[in-house]
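Welcome, and thanks for taking a look at this one. Below is a short briefing to read alongside the model.

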Amino acid sequence: MDFQLDEELLALKQTVKDFVYNTVDPRADEMEKKDYVPKEIMDMSKEMGLFGLSIPAEYGGLGIGMVGKVAIYEELGKTINGYTTLIGGHTGIGTVGIVEMGNEEQKQKYLPKLASGEYIGAFALTEPSAGSNASNIKTTAVRKGDKYILNGSKHYITNGNIADVFTVMAVTDPSKGAKGITSFIVEKDFPGFMVGNVEQKMGLHASQSVELFFEDCEVPVENVLGEEGQGYVNALKILANGRAGLAARNLGSCVKLMELTLKHAMEREQFGKPIFEQQVIQHYFAEMDLDIETLRSMTYRVAWMVDQKMNVIKEAAMVKLLGSEVYCRIADQAVQIHGGIGYMSDYPIERYYRDARITKIYEGTSEIQKNIIAAQIKKNYFKNN
């Protein structure tokens with residue numbers, strides 16, 4: 001396995017690192033309180049090509065592989081997670097479906113604008129009755145002539161209020177269960193499509209989540225993504241592809257928490273010496289560092305497997321599970337080491353603590369990841385016996 005980045009990628013990684021440190025992070029409190037990403041930060045992100053990370057070069061993107069992508073995500077994870085989620089939601093589940101399953105006409109039409117950031121992408125699967133059980137979606141799509149008519153709703157859709165293009169899952173044949181779901185490319189201006197209220201969240205401020213409504217929404221037949229009836233399979237592929245990326249973003253946040261907490265432990269004195277000199281605090285740091293290096297190793301390994309076109313169903317679930325659990329654990333330890341100041345909203349530790357919690361829920365809960373892992377273990381057992 002080779003995790004080495006070429007000179008061009010190393011230069012981009014350094015550029016992103018500098019951008020995060022000098023431009024994004026100094027405005028994190030502003031973004032947290034105002035719940036938005038400033039236009040100038042969005043514009044600079046577009047200029048660097050961050051919206052086209054995984055879109056092939058022939059469509060205007062950077063076309064970097066998964067190892068390179070997670071290297072960039074790791075740097076992006078070192079700042080306010082709302083901004084990171086906006087970028088990740090677009091470059092991951094918001095566009096990967098068109099990249100991987102779109103036909104040439106669809107790619108030519110949408111990818112150049114998605115790569116430049118002129119269009120923002122979003123992924124619309126979750127519904128009030130379909131969270132962990134994604135096959136239970138109720139949004140329907142009925143073909144009428146050269147259009148499909150969509151009716152239903154989605155919720156908790158990241159980037160939903162700023163997106164121009166949505167990958168939407170809807171039921172085309174209710175008699176076939178999961179095999180009756182089809183994925184569609186839906187534009188925000190299609191008749192019958194509406195964006196609902198921005199939902200108020202515990203964390204991830206600056207990344208909005210919204211409801212979407214489809215009331216006789218007209219979608220052209222040519223906007224079917226992949227084959228009819230393959231929507232559920234498409235959704236699983238899209239989510240699996242994004243899990244290494246999410247783990248990398250979590251990794252970056254863990255590294256940032258480690259840096260902030262180590263600085264505090266070296267400067268904060270109690271009982272006549274820095275608190276780092278207390279053995280219990282040293283044990284905390286040993287555990288945090290072990291978790292970070294374990295997560296880093298698995299994240300880059302799974303990314304390499306994705307680049308090799310290997311089956312990563314189990315490993316993607318594992319790294320998403322590990323990344324979420326490690327992030328939440330390190331955020332908790334960081335608050336504990338900081339003590340009372342770690343609980344105050346004037347300091348970033350409290351923000352990371354709130355932001356970490358959603359990682360065990362979105363893009364597949366920790367429990368669902370365990371189900372996927374167990375199913376693959378069972379499958380491999382019967383395959384080999």
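Over residues 7-118 the chain is 67% helix and 0% strand, with 28 Å between the end C-alpha atoms. UniProt, in an unreviewed entry, lists those residues, 7-118, as "domain: Acyl-CoA dehydrogenase/oxidase N-terminal". Please keep in mind that this is a predicted model.

**Annotated spans**

- Residues 122-217 carry the UniProt feature "domain: Acyl-CoA oxidase/dehydrogenase middle", again from an unreviewed entry. This span is 51% strand and 0% helix, and its end C-alpha atoms are 17 Å apart.
- For residues 229-377, the unreviewed UniProt entry gives "domain: Acyl-CoA dehydrogenase/oxidase C-terminal". Here the chain is 77% helix and 3% strand, and the end C-alpha atoms lie 27 Å apart.

**Domain division**

- The protein chain is split into domain 1 (7-116), domain 2 (121-227) and domain 3 (233-384).
- Taken over C-alpha atoms, the centres of domain 1 and domain 3 are separated by 21 Å. Domain 1 brings 23 residues to the contact, and domain 3 brings 27 residues.

- Which residues of domain 1 lose the most area to domain 3? They are Met-66, Glu-74 and Ile-93, which together make up 25% of what the domain 1 side buries.
- Between domain 1 and domain 3 there are 10 residue pairs in polar contact, counting pairs with both residues at pLDDT 80 or more.
- On the side of domain 1 that touches domain 3, at least two residues each come from helix H2 (28-34), helix H4 (66-76), helix H5 (81-91) and helix H6 (96-101). H4 supplies the largest share of that side, with six residues.
- By residue class, the side of domain 1 that touches domain 3 has 10 nonpolar, eight polar and five charged residues.

**Salt bridges**

- The whole structure holds 18 salt bridges, and the count between domain 1 and domain 3 is three.
- Asp-25 and Lys-256 form a salt bridge, with their closest N and O atoms 3.4 Å apart.
- Another salt bridge joins the side chains of Lys-13 and Glu-75, at 2.7 Å from N to O. Because Glu-75 sits in helix H4 and Lys-13 in helix H1 (residues 7-24), this pair ties together parts that are 62 residues apart in sequence.

Key
Residues are numbered from 1 along each chain as its sequence is written. This is a predicted model: local features need pLDDT of at least 70, side-chain atom pairs count only at pLDDT 80 or more; totals for chains, interfaces and linings use all residues. Side-chain values use heavy atoms; hydrogens and water are left out. Domain bounds come from an automatic or database domain assignment. Contact means heavy atoms within 4.5 Å. Buried area is the accessible area (1.4 Å probe) that two parts lose on being put together, summed over both. A salt bridge is a side-chain nitrogen of Lys or Arg within 4 Å of a carboxyl oxygen of Asp or Glu. A polar contact is a pair of N or O atoms within 3.5 Å; within protein, one must be able to donate a hydrogen and the other to accept it, and residues adjacent in sequence count only if both atoms are side-chain atoms. Helices (H or I, at least four residues) and strands (E, at least two) are DSSP runs, numbered from the N terminus. Ala, Val, Leu, Ile, Met, Phe, Trp, Tyr, Cys and Pro count as nonpolar, Asp, Glu, Lys and Arg as charged, and the others, Gly among them, as polar. UniProt positions are given in the numbering used here, feature names are shortened, and annotations may be inferred rather than shown by experiment.
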